[in-house]
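Visitor: I'm new to reading protein structures. Could you walk me through this one?

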Amino acid sequence: MRTKSVGKKKINVVTLGCSKNVYDSEVLMSQLKANGKEVVHEDKGDIVVINTCGFIDNAKEESINTILDYVEAKNRGEVEKVFVTGCLSERYKPDLIREIPDVDQYFGTRDLPILLKHLGADYKHELVGERLTTTPKHYAYLKISEGCDRPCSFCAIPLMRGGHVSTPIEKLVLEAQKLAKKGTKELILIAQDLTYYGLDIYKRRALGDLLKELVKVEGIEWIRLHYAFPSGFPEDVLDIIREEPKVCNYIDIPLQHINSELLKSMKRGTTHEKTDALLGKFREKVPDMAIRTTLIVGYPGETEEIFQELKDWVREQKFDRLGCFTYSHEENTGAYVLEDNIPQEVKEARVEEIMEIQSQISWEKNQEKIGKVYRCIFDRKEGNYFVGRTEYDSPDVDNTVLVSAENTYISIGDFAEVKITSAEEFDLYGELI
């Protein structure tokens, strides 16, 4: 049974994966709305567009299961058409067409104009910088470049996103101004690699130049840096973080590992000694900086001795925020020729060990915050609490600040001064002052 083609079609955009995909979905939705289309995000619709992730096995599995769920809904007559776009579709299009033929059309990561055509819409160039944001209106992601030129052996992103392409500063400033007019107060700068920004179009690393222009945008109060590559990090950015109140004392710098032998195999362009020197420079220039990193365990050749080095290093560095993932053996990557010789159960056990160490570090760091006052932005009300964040915390991935809603009212999206009264591993409790 098929759904009747009556009236205006509602298009439901479903987003899977990282913040870069969130950004891409927002651009797609803005284009559709400008074409007079009714569009919703992860709600009910006649036509479904699934923006997929194809980064690692778990993400691919989630994407495939989501596609299958909507194909079944289509076969039941609950939706008319299912379109698939994004990283999984870019990387595995021939396989997907063969294995899941009931999808109406597959599109790659740079096929937006073609996708719009199939949805009865035209790509409007005058909308560059316009987005229908899906995040709370007080914060938004700002994608400053697309793709990646790094040769990391474990990573399939260049296969899905192509080479690095920076967005010119003037376009990003215009986009930031448009967001600010809609109520955005916090910009979260994202890219596959912030460190590389500007090399292709300005022939120099220009992240610092971009920050100097973005801080001038009226209405923007916080600017946060995500996904900076350690090799070649532009040190002038540290001076800007230290001196410019709008740029949060925060950086997300995925280091992946610390053993020099593994880093060489990973093609990360750094060593144990160079990584420690860089972190030392961060802390010397910006003593109040919160450093977030991510690690990979179970990479081919990671012996117990090498893993012990990683654990000792995590204890020594005491990162403010840390995520850990198991190595995923991805075809067509540099590491795929290596033997994936660490059993999955060992990989998972190593993740647990790292996160147990980090949990203790996080608890100790949070205890030090008790009695101190922090400026917080509030994202939502959840149960009996208003949920906010300090400048040291990014939404969805970092710590939260909880303020009781019983005798207090805080407008969502507002800043407030909060005195911390107690703390757990990943949550701070406080009261307004």
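Visitor: What share of the 433 residues in the protein chain is buried?

Guide: Buried means under 20% relative accessible area, exposed over 50%, and partly exposed in between, using a 1.4 Å probe and protein chains only. Here, 53% of the 433 residues are buried. Keep in mind that this is a predicted model: local features need pLDDT of at least 70, side-chain atom pairs count only at pLDDT 80 or more, and totals for chains, interfaces and linings use all residues. Residues are numbered from 1 along each chain as its sequence is written, and side-chain values use heavy atoms, leaving out hydrogens and water.

Visitor: How many helices and strands does the protein chain have?

Guide: Both are DSSP runs numbered from the N terminus: helices are H or I with at least four residues, strands are E with at least two. This chain has twelve helices and 18 strands.

Visitor: Why is strand β11 largely enclosed by the rest of the structure?

Guide: Take residues 247-252, which form β11: six of the six are buried, so the strand is largely enclosed.

Visitor: Which strands pair with β11?

Guide: Two strands pair if DSSP finds at least two bridges between them. β10 (residues 222-225) pairs with β11 in the parallel sense over two bridges, with Ile223 opposite Val247. Strand β12 (residues 290-297) also runs parallel to β11, joined by three bridges; there, Tyr250 has Ala290 as its bridge partner.
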